[in-house]
Amino acid sequence: MKGRIKMDEKTYRITLADGTILDNLTMNGNNFISEEAIDASIFDGTCSPVIINDGTNEEVHEHMDLVQVTTVNKKSWFVLRDIPQKELEQTKLKSDLEYLAMMCDVEL
């Protein structure tokens, strides 16, 4: 099986910022896999912070983002990513500029 990513044997639990728990997840590469149907809307506004527990270790990710949710063989596969600090700073700067432009009635 050269070139194939081996499936992780651990079971994961993800706790979203609003307390939603996604339990009994497995992983394949960077994909979390759930036997339950996952709708992308549960991640809206709930990815800061995200706690990922593998039964041994618990990691707190301050700013995450949903990349995608897909269905494969009746299982939900989803990918989360950490948002880099530089991207957060750029988003804040853009938001600040848009607010100032609106307050001063200036077109950007």
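This is a predicted model: local features need pLDDT of at least 70, side-chain atom pairs count only at pLDDT 80 or more; totals for chains, interfaces and linings use all residues.
A salt bridge here is a side-chain nitrogen of Lys or Arg within 4 Å of a carboxyl oxygen of Asp or Glu. Three of them are taken up below.

Asp54 pairs with Lys10, with 3.1 Å between the closest N and O atoms. This one links distant parts of the chain: Asp54 sits in the loop between β4 (50–53) and β5 (58–61), while Lys10 belongs to the segment before β1 (12–15), 44 residues apart. The two partners also sit in rather unlike surroundings. Asp54 counts as buried, at 13% relative accessibility, whereas Lys10 is partly exposed at 37%.

Next up is the bridge between the side chains of Glu35 and Lys75, at 3.4 Å from N to O. Again distant parts of the chain are linked, with Glu35 in the loop between β3 (31–34) and β4, and Lys75 in strand β7 (residues 75–82), 40 residues apart. Glu35 is exposed, with a relative accessible area of 55%; Lys75 comes out as partly exposed at 29%.

As for disulfides, a search of the whole structure turns up zero. Cys47 is buried, at 7% relative accessibility, while Cys104 counts as exposed at 54%.

Notes. Residues are numbered from 1 along each chain as its sequence is written. Side-chain values use heavy atoms; hydrogens and water are left out. A disulfide is a pair of cysteine sulfur atoms within 2.5 Å. Buried means under 20% relative accessible area, exposed over 50%, partly exposed in between (1.4 Å probe, protein chains only). Helices (H or I, at least four residues) and strands (E, at least two) are DSSP runs, numbered from the N terminus.
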